[in-house]
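Subject: Structure handover

Hello,

Here is the structure I promised to pass on. Please open it alongside this note, which goes through what was found.

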Amino acid sequence: MIKENIFKIKERISAASSRAGRDPATVTIVAVSKGRAVSQIKEAVALGMTDIGENRVQEAAMKVSAVPGATWHMVGHLQTNKVKEAVRLFDVIHSVDSVRLAQELDAQAGSISKVQDILLQVNTSGEASKFGFTPQDAAGVIGQITVFKNIRIRGLMTIAPVADDPGKIRPCFRALRQLRDELVSTGIVSGGLPVLSMGMSDDFEVAIEEGATVVRLGRAIFEG
Ligand SMILES: *Cc1c(COP(=O)(O)O)cnc(C)c1O
């Protein structure tokens with residue numbers, strides 16, 4: 001089942017990419033495995049899904065050691081008291097949503113001589129239930145975070161609203177890309193912000209049309 005799902009997803013990624021005039025190879029799939037068994041994750045990795053996402057440190061801790069050969073992504077909200085363990089487990093943390101959290105990540109990464117790749121989570125929908133910086137705050141936040149030498153800002157992440165109306169989703173993805181372009185044009189981050197993590201099982205094609213370089217897929221891979 002996972003194999004068939006991946007095949008279909010890749011076809012859909014190709015179609016969405018060509019609609020946007022993009023190379024599908026510029027889109028990375030993160031297989032979000034929260035709630036899935038180690039055996040399912042191993043199957044996905046064997047099928048080439050080597051980027052794996054989890055949303056809880058505790059759950060990931062057990063899986064990271066059991067599943068070799070994967071790159072691990074933290075996609076859920078991260079509490080500062082879990083940062084120490086998170087920097088040991090994750091290659092990329094998508095959900096940095098406060099300067100305080102970035103500061104703690106910097107301290108803990110430094111203590112193990114690691115440079116931690118992070119994304120800044122941006123609340124593009126304005127929903128009170130969503131974590132993330134406001135687009136207006138992003139430039140100021142980056143200004144404060146770039147002084148931390150043990151973290152490297154690779155890009156931006158957002159979660160679109162759960163909406164049947166794609167008209168509500170597309171503007172969120174577009175806003176993230178436009179924010180990225182604005183931030184990069186100011187030269188505020190030396191390496192640019194190449195990563196745009198946006199799009200889940202219900203909306204990844206729209207996200208790709210709007211410039212996603214990382215789509216985070218759970219149900220599309222593991223259910224069906
Ligand atoms: C669970 C989760 C996903 C994957 O969601 P699906 O709808 O199952 O594709 C993506 N991103 C985050 C932050 C998640 O928590």
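The lining of the second largest pocket splits by class into 7 nonpolar, 4 polar and 3 charged residues. This is a predicted model, so please read every value below as computed from it. The volume of this pocket is about 240 Å³. It is lined by 14 residues. Nearest its centre lie Arg152, Ile153, Val189, Ser190 and Gly191. Strand β6, residues 151–157, gives the most to this lining, with 4 residues.

The largest pocket has a volume of about 510 Å³. It is lined by 20 residues, and the closest to its centre are Lys34, Ile159, Met200, Ser201 and Arg219. By class, that lining holds 9 nonpolar, 4 polar and 7 charged residues.

Now the chain as a whole.

- The chain has 9 helices and 8 strands.
- Its radius of gyration is 17 Å, which agrees with the value near 17 Å for a compact globule of 224 residues.
- Along the principal axes, the C-alpha atoms fill a box of roughly 45 × 40 × 30 Å.
- Of the 224 residues, 50% count as buried.
- The chain exposes about 10200 Å², and carbon and sulfur atoms supply 51% of that area.
- Take the contacts between residues at least 6 apart in sequence: 58% of them join residues at least 24 apart.

Next, some single residues.

Val30 lies in strand β1. Its relative accessibility is 0%, so Val30 counts as buried. What does Val30 touch, not counting residues up to four places away in sequence? The list is Asp51, Ile52, Gly53, His73, Val214, Val215, Arg216 and Leu217. Val30 and His73 are 43 residues apart along the chain, and their C-alpha atoms are separated by 7.6 Å.

Ser33 sits in the loop between β1 (28–32) and α2 (38–46). Is Ser33 buried or exposed? Ser33 is buried, with a relative accessible area of 0%. Leaving aside neighbours within four places in sequence, Ser33 is in contact with Ile41, Ile52, Gly53, Glu54, Glu59, Lys63 and Phe222. Ile52 and Gly53 are among the contacts of Val30 and also among those of Ser33.

Gly218 is in the loop between β8 (214–217) and α9 (219–222). Its relative accessible area is 14%, so Gly218 counts as buried. Beyond four places in sequence, Gly218 touches Val32, Arg36 and Ser201. Ser201 is also one of the residues closest to the centre of the largest pocket. Gly218 and Val32 are 186 residues apart in sequence, but 4.5 Å apart in space, C-alpha to C-alpha.

Val92 is found in strand β4, residues 92–96. Val92 is buried, because its relative accessible area of 15% falls under the 20% cut-off. Leaving aside neighbours within four places, Val92 is in contact with Trp72, His73, Met74, Gln116, Asp117 and Leu119. His73 is among the contacts of Val30 as well.

Ala109 has its place in helix α5. At 0% relative accessibility, Ala109 counts as buried. Not counting residues up to four places away, Ala109 touches Val87, Lys114, Gln116 and Asn150. Gln116 is also in contact with Val92. Ala109 and Lys42 are 67 residues apart along the chain, and their C-alpha atoms are separated by 28 Å.

Last, Ser113. Where is Ser113? It lies in the loop between α5 (99–111) and β5 (116–121). Ser113 is not a glycine, yet its phi is positive, at about 50°. Ser113 counts as exposed, because its relative accessibility is 72% and the cut-off for exposed is over 50%.

Best wishes

Definitions and conventions: Residues are numbered from 1 along each chain as its sequence is written. This is a predicted model: local features need pLDDT of at least 70, side-chain atom pairs count only at pLDDT 80 or more; totals for chains, interfaces and linings use all residues. Side-chain values use heavy atoms; hydrogens and water are left out. On a 1 Å grid over the protein atoms alone, a cavity is a set of points where a 1.4 Å probe fits but cannot get out, and a pocket is an open set with protein on both sides within 12 Å along at least five of seven lines; lining residues have an atom within 4 Å of a point. Grid points are joined across faces, edges and corners, and a volume is the space filled by probe spheres set on the points. Ala, Val, Leu, Ile, Met, Phe, Trp, Tyr, Cys and Pro count as nonpolar, Asp, Glu, Lys and Arg as charged, and the others, Gly among them, as polar. Helices (H or I, at least four residues) and strands (E, at least two) are DSSP runs, numbered from the N terminus. The radius of gyration is taken over C-alpha atoms; the globule rule is 2.2 Å times the number of residues to the power 0.38. Buried means under 20% relative accessible area, exposed over 50%, partly exposed in between (1.4 Å probe, protein chains only). Contact means heavy atoms within 4.5 Å. Accessible areas come from the Shrake-Rupley method with a 1.4 Å probe; for residues, only the protein chains shown count as cover.
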